[in-house]
Amino acid sequence: MKRREDIIYVYDGSYNGLLCAVFNCYTDKFIPSEITDKRDTLLTCKYIDTDKDKARRVTRGILSVMGKEAEWLIKKAYLSDFEDKGVAIAEFVVLGMREGAKVINMLATPCVDKIHRMAKAVGNETHRNIEFIRFSEINGALVSIIQPTHSVLPLIAPHFVSRFPCEKFFIYDKVHKQGFIHDGGRNELLAVDGFEPDAHGEEEEKYRNLWQVFYDAIEITPRHNDRCRLNHMPLRFWEDFMKASRY
Amino acid sequence: MELADKLRVLTESAKYDVACTSSGTDRVCPSDGIGSACSSGLCHAFAGDGRCISLLKILMSNACCYDCAYCVNRVSNDIPRATLTPDEIADITINFYRRNYIEGLFLSSGVIGNPDNTMQLMIKTIELLRYKHKFYGYVHAKAIPGAAEHLIERLGMLVDRMSSNIELPSSDSLRLLAPNKSRDDVLSPMRYISGKLKAKTKGFASAGQSTQMIIGATPESDLQIISLAEGLYGSYGLRRVFYSAYVAVADNSNLPAVGTAPPLLREHRLYQADWLMRYYGFKSYEILDKSRPYFNEYLDPKCNWAVNHPEFFPVDVNRADYERLLRVPGIGVKSARRILTARRYGKLDADALRRLGVVMKRAKYFIEGGGGIAAADSPSRAAAALTAMGRAESAAQLSLFDILPALGQESPIEV
Ligand code: SF4
């Protein structure tokens, strides 16, 4: 499908909205220079309406022609913060609808490579957040505030739901302004505009202190290696560590 | 002693044990429990030395009545002693776990009076976790050398992984430095556990068994060490052998002097060789032999093998099978698999290989097609270039340890 560099699509940021943008590529018979959810731009914009029916038709097409694995790649790429994810997904779908399920293995093709990279970045960020988020016990509930580089909250929440079935917990993504709440049978992803936790109590302070004692004592000091530590535990996580657990 | 002080003392005493993985088992949590395990393992923090922290790694007690010369906890060493109660350990584990600080517990202990008594206290601790707290997270416990088999069996039924440390790479060294432990004390728990695992005893240490040996405290060669590891993987079906660079902690004429730097490069090379044996189909005798019983300082074991086997190269990336691809420096397990997949859809060039994760600055000397520069004279050129690269890296302090995944992690090193 040809590209048009003089026009961009603007959608509402939702997954269905993005699928509708892809739908539009087919009706317009071109792929625009950008597919974005930001409205401030100088180029000619076409505003995409989010229509559940159209989104469903695209999903059906993806599933029947490209398969489940391809859909999963698309969903993960969608959760990424990359500016060019919209166009990359559109190109991938257009190619995939022609090539079928084998498209996911065409690793030497640039748009396939790109989707894999985006999905991988999201996968890595998910993994790091599952590892590095810290909960604080506040008023009987476990609370965590995170600042992920991609919108990974929907991907990390299931891990904690299955791990802590009896706990009440709340994870707040400060960057993407989303929260996830787990309380008994309730599991909900919410748009949350801002969140300040209450001060923590003595119990919480006790375990934070014990953790710091453990963390400091476990280091083999003649092998101190800051570079290695930072490689594995990037600096951007430290602000959150310091607030919730000191490390 | 305050709880925090006890924790400090018992962490200090446990930290030289390298194993810290939480991998090898998958378990979901029932609705009234807490905790799960995932087979790839998780690291929740990295310590100041860059090592992964996955488990609360502590000793139950460091008041050990044995006198192993290489160990900080030996009875003749003048250090503060502490013992945690089963309740204290269970409580800290659960509360760290809920906060997502850790994946579980790694419990070991100095010998409290005698091996059986020690094992009973450890069993009590883990029973509290499993039954009272309904904890389904990861637990790794060390079998105490010389403990009764029925206790090893009980402990094994409670934990995900067991280890019994071989400590030193030869029985001569063991005799010299660990007077209270015989070779048999060390090997018999390992043999017993491996028997249980081979019989597929349900619920018994489902993540298998590992061991650790101290490197550089005693005179064994690298060849001896990797042959021993190969033997352990073979006969006892171990999941992992860990290597721990000896940190000089004791004034003893049979040991390196206090202050001697831990042999980190050697440890790194051992882990690389270990990966080659476990994932790349190498045999110990291919990596080192009697004429060269030590690792090359500047070439990793795979490059070293490659430059010494020019008859094997060049490898055609568009045709060679998986095993052959794996022998190419710069192609790892992941990139070899990706090459197999991607080349079904067209010929691979240098750019495509790079995208597939091949490290071209190494691979180019050994491949044909895909931007290789393999030529008749290239083995010697490759050796010179790769050695220079190794030299430059160590000179630039671009430490090898940065590229080494933190010790104990399971992700393969791509070499
Ligand atoms: S038995 Fe030996 S190695 Fe183990 S804690 Fe005691 S002194 Fe150290």
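Setting aside neighbours within four places in sequence, A:Phe92 is in contact (heavy atoms within 4.5 Å) with A:Met66, A:Ala70, A:Leu73, A:Ile74, A:Val103, A:Ile104, A:Cys111, A:Val112 and A:Ile115. A nonpolar core here is a set of buried Ala, Val, Leu, Ile, Met, Phe, Trp, Tyr and Cys residues joined through side-chain atoms within 4.5 Å; buried means under 20% relative accessible area, exposed over 50%, and partly exposed in between, with a 1.4 Å probe and protein chains only. In soluble globular proteins, nonpolar side chains tend to be buried together.

A note on reading the selections: residues count from 1 along each chain as its sequence is written, while chains are lettered from A and ligands numbered from 1 in the order written. Local features need pLDDT of at least 70, side-chain atom pairs count only at pLDDT 80 or more, totals for chains, interfaces and linings use all residues, and side-chain values use heavy atoms, without hydrogens and water.

Of the 247 residues in chain A, 52% are buried.

Colour residues 2–124 of chain A as domain 1 and 129–246 as domain 2; the bounds come from an automatic or database domain assignment. Their C-alpha centres are 32 Å apart, and eight residues of domain 1 meet seven of domain 2. The two domains of chain A bury about 590 Å² between them, buried area being the accessible area (1.4 Å probe) that two parts lose on being put together, summed over both. Select A:Leu79, A:Asp81 and A:Val122 to see 74% of what domain 1 of chain A buries against domain 2 of chain A.

Move on to chain B, with domain 1 at 3–293 and domain 2 at 301–399. Here the C-alpha centres lie 36 Å apart, and the domains bury about 880 Å² between them. B:Tyr280, B:Phe282 and B:Glu286 supply 55% of the area on the domain 1 side. Which residue does B:Glu286 meet in a salt bridge? Zoom in on B:Arg327, at 2.9 Å from N to O; a salt bridge is a side-chain nitrogen of Lys or Arg within 4 Å of a carboxyl oxygen of Asp or Glu.

Now bring both chains back. Contacts join 67 residues of chain B to 50 of chain A, and about 5,000 Å² is buried between the chains. In chain B, B:Arg98, B:Arg99 and B:Tyr101 lose the most area to chain A. There are seven salt bridges between the chains; one to select is B:Arg98 with A:Glu167, 2.7 Å apart at the closest N and O atoms.

Finally, colour by pLDDT, the predictor's confidence in each residue from 0 to 100. Chain B averages 87, but over residues 396–415 of chain B the value is below 50. Where pLDDT is low, the predicted coordinates should not be read in detail.
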